[in-house]
Amino acid sequence: MIGRMNMKKHLLAWTIVLLAGFAVLGAQTHPDQLVFPPLSYTPPDAQAFRVSLANGMRGYLQEDHSLPMVDITAVIPYGTVCDPREKTGLAQLLQASLVKGGTVTRDGATLEERLDFLGAQIDFRVGERTATLSLSVLSKDLAEGLAIFFDLLRHPAFRPESLTIAKGRLIEELRRANDAPKPVLEREYAKLLYGNHPLAWQPDRKTVEAVSAEDLKATVARYFVPRGIVLAGSGDFRRAELMRLLNRLTAGWQGVPAPPLALATEFAAVEPGVYFMQKKINQGYVNMGHLGISEANPDYYAVQVMNFILGAGSFTSRITTKVRSDEGLAYNTGSKFTYTWGFPGLFAGYVQTKSSTTGYAIALIKKEFERIRREPVSDGEMKTALNYFLESFSEQFTTPARTMLQFATFEVLGRPLDYFRTFTARIGQVDKAKVQEAARKYIDPEKLAIFVVGDWDECNRGSDKYPQPLESFGRVHRLELKDPLQQ
Amino acid sequence: MKRTLLLLFTLALFVTFTGAAAGQPAKKDYRPAVRLETLDNGMRVLMLVKPGAPRVVCHVYYRVGSINERPGITGLAHLHEHMMFKGTRMMGVTDFAKDDALNRKIDALMAQVYRERYWKLQGDMARADALAQEALGLMNEEKQYIIKDHLWETLMRNGGTGLNASTSNEITGYYVTLPANKVELQMVLEADRMQNAYYREFYSEKEVVMEERRLSENSPGALFEEQVNSVFFAASPYSWGVIGWMDDLKKVTRADLAEFHDRYYVPNNAVAVYVGDFDPANVLAMARKHFGAVPRGADIEPIRTWEPAQNCEKRVTGKGPAPTSVQLLFHTPPGGHADVAALDLLGEILTGETGRLFKSLVKGKELTTQSTARNSAMLYAGRFQLSALPKTQSGVTPEQMEAALWDELEQIKKGGVREDELARVKNRREAMVTRRLQQPAFLAMMLGRSEIARGWDSMFRDLDEILKVTTDDVRRVADKYLGRDNVTVAVYTREMGK
């Protein structure tokens, strides 16, 4: 492997240089003296696990008999972006009441107690683009667990009490939504960059109250359909037997998914400058950036490597080294590109630092944005980043459950599965020139929205040691932190 | 990136092995075939082969945490964990002799700064600032000899993932997952920092930890929880949080670190754990070579001050930006005590979406949207915790909430629990442990922490105890531990505007 060859060359050079150093420490080994045996790795081939049920439902199944457990997940092509504006919060309510509301023939509480008695777990989660119903069950109880699982997918009842409890809890959650600074920052930063778009809509009391059990049922009817769902299964089963069971439990269930919603993928530009939200705390919480890219972008790999060097490679990255390690300004700092398949994600440099060093930390991060555009990264940085991606690639396949779930999720999103087969080759093609090109193309220090949650007077004042008022970064927009229950 | 997962006010992790696993003889076949070897210097090595992707989870645990501190050095265990990433006599430095000479000068200057700033009531602050400025000059000079984050970079360059460390009240762990052919790298680096720790860049890293403390202070209700904890634990060293008091973070010295390290970071206080796709004979040989070369340390005395009997009711009230809440906290025995299994199950019967609190207080009386219960058995202490967020918007007061929680406890003390309730939570526990054997990194953590506590197989022995618990046992422990003279009641009221 590439990593190993590099290591050998490296070794020759360093053995000589470091010889004197070793003498001090006697017999102790230096890491650069180590020679590792070769290791080659080929990722699992998705096709080998792919199955199709009689009704057209697809799936990925892997046997694993090491423990008497089975994990089954249905990946459903439904997410928060599918809900209408006036019913924002529908997804959260569906998440909270799908299991609790029971099925046509099973009361929710009885169902939960039965699963609990079996030591089984069933969990329903709604994300931005996909939802997952997951079952974890002892293999001896697989048939009963799966019967409940498919009953929930096919015949959920959303009994009134479950919806009442879900609404009460969601409203309580909204009441607390401004308590901690971090969620406020992430929510408001997304709102600023995406504007009036499902990716940034937030529920309030009115939109939560507007959701009825009929809405939940209509959503299920629209999205929970066999030809849209992809299953991921792993554990202690025989594939042929499980297929028979799945075909039996899905017999007579038909339906094709509704056409995908046409959502805007272009977003209005945001005026650069400082966006400040007042909160009486002792630190400034900062996200500074603009829209990022989609994973579908061919420059994705170069951006990954560039971002690793800039601020995502933890202590090997520039922002962490400068802001945390050198200056001791922050515990959390770095840069991130978030991804939402089909949409541009968000790019941000981030830091949480005491109020008086907020401006100084922002200036340091901005300098790193400029530097990675201005000059090529070093050979050492490049090597660390590439080796990291190549040598850690197999990590995502350490459990069969995770591997199958990845394949299923890719298929639901329409993301090409050759990603896994081609990943190492594509990462390997990234070079210093491509990193610099990616920085120039996808980081624009002139267009930064610098979003700060904190105490204005303290943050803007700075300190004698770090005189950097926030006003020096451009026009300041003071934003009001609104009651999340009534937007 | 996080590098630290502070278990600040609760010991949530410990729940995972106070009582867990699958116990009936017929089911023992899937219990992991763990191999335990003890090296000549007392260091223990746990190995578990799990074929699959060519990766190995590599963890090292030390039996040390904030309970091994004392007033004046609170937060030191955690700060020390940070400093373990700051290089050694071998790593992170190009010219150790020159670097060391500079550090001696810096420490001498900073010792004078601390005298002026912290020892004297009216120190000479101008002199302190001048000396600090001089020290800063030397720190900048030192940078030419420092290889920044050398250990971290070396592990990442070799495909290390899950790179992190964590400090709890009782245990400190260092984590990385490596390609299966590179386990030796972790051993070289861990053995090196066990015996050659150097604590470079100490003064700036202190600032990072103070920022970490500020972060936790900004978490709503965290300062109140810190006070509740210090009221609940009156005498034992559980009474301060892992992050430590800000005053101690300011004043702690490099000499404090060295003393702490030399006492606790010895092979006879450490456990290495390997889970993944590897050859045990090969890994053991490498462990003997690298860890085996570290000299054994002196025997370590356990903590002296255990928590005394409370014999009174304590109450703490506070206000702030978190939701209104009521908590009842009771002292319970440490892990290994015969009553722990029944207390754990009592917590399970009360908590969760199928638990008594949900049925009675969320659904039935509609007093709360969220209510939980849990017993946590630690190394030297235990805590049973009930908590609920009253529906203040419906006019439910904390007093009503507290009375309802006591009602639930009284019902159990008088009427006990039903057989079917008990069977349900036993099954849940049993399946939960099997489930947790699925994730290699989580499994390594459970094995390492269990080994530190009472032997790696205590997670299975505890399950055997769980499965023996009767409804009578549950009623008896409720009566014995959940009384008024053993409680701390904490009432927090939301006050907006801050």
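**View 1. Asn311(B) sits in the loop between helix H11 (280-290) and strand S7 (314-320) of chain B.** Helices (H or I, at least four residues) and strands (E, at least two) are DSSP runs, numbered from the N terminus. Although Asn311(B) is not a glycine, its phi is positive, about 55 degrees. Asn311(B) counts as exposed, with 7 C-beta neighbours inside 10 Å; the cut-offs are 12 or fewer other C-beta atoms within 10 Å for exposed, 20 or more for buried, and partly exposed in between, with C-beta atoms placed from the backbone. This is a predicted model, where local features need pLDDT of at least 70, side-chain atom pairs count only at pLDDT 80 or more, and totals for chains, interfaces and linings use all residues. Residues are numbered from 1 along each chain as its sequence is written, while chains are lettered from A and ligands numbered from 1 in the order in which they are written.

**View 2. Phe158(A) is another non-glycine with a positive phi, here about 45 degrees.** Look for Phe158(A) in the loop between helix H4 (142-154) and helix H5 (160-175) of chain A. Phe158(A) is buried: 24 other C-beta atoms lie within 10 Å.

**View 3. Helix H10 (residues 300-312) of chain A packs on helix H16 (residues 432-442) of chain A.** Their axes are 8 Å apart and the angle is about 90 degrees, with axes being lines fitted to C-alpha atoms (over the stretch in contact, for helices) and angles running from 0 to 180 degrees between N-to-C directions. That makes H10(A) roughly perpendicular to H16(A).

**View 4. Helix H3 (residues 108-117) of chain A crosses H15(B) at roughly 55 degrees.** The two axes come within 7 Å, and the angle makes H3(A) oblique to H15(B). Glu113(A), Asp116(A) and Phe117(A) meet Arg424(B), Asn427(B) and Arg428(B).

**View 5. Zooming out to the contact of the two chains, 62 residues come from chain B and 63 residues from chain A.** On the chain B side, elements giving two or more residues include helix H5 (150-157), strand S5 (172-179) and helix H15 (419-436). H7(B) has the largest share of that side, nine residues. The chain B side has 24 nonpolar, 17 polar and 21 charged residues.

**View 6. Chain B is divided into domain 1 (32-93 + 146-290) and domain 2 (314-494).** These bounds come from an automatic or database domain assignment. Taken over C-alpha atoms, the domain centres are 29 Å apart. Across the contact, 30 residues of domain 1 of chain B touch 26 residues of domain 2 of chain B. H8(B) gives five residues, the largest share of the domain 1 side. That side divides into 17 nonpolar, nine polar and four charged residues.

Conventions:
Two residues are in contact if their C-beta atoms, placed from the backbone, lie within 7 Å. Ala, Val, Leu, Ile, Met, Phe, Trp, Tyr, Cys and Pro count as nonpolar, Asp, Glu, Lys and Arg as charged, and the others, Gly among them, as polar. Angles under 35 degrees count as roughly parallel, over 145 as roughly antiparallel, 65 to 115 as roughly perpendicular and the rest as oblique.
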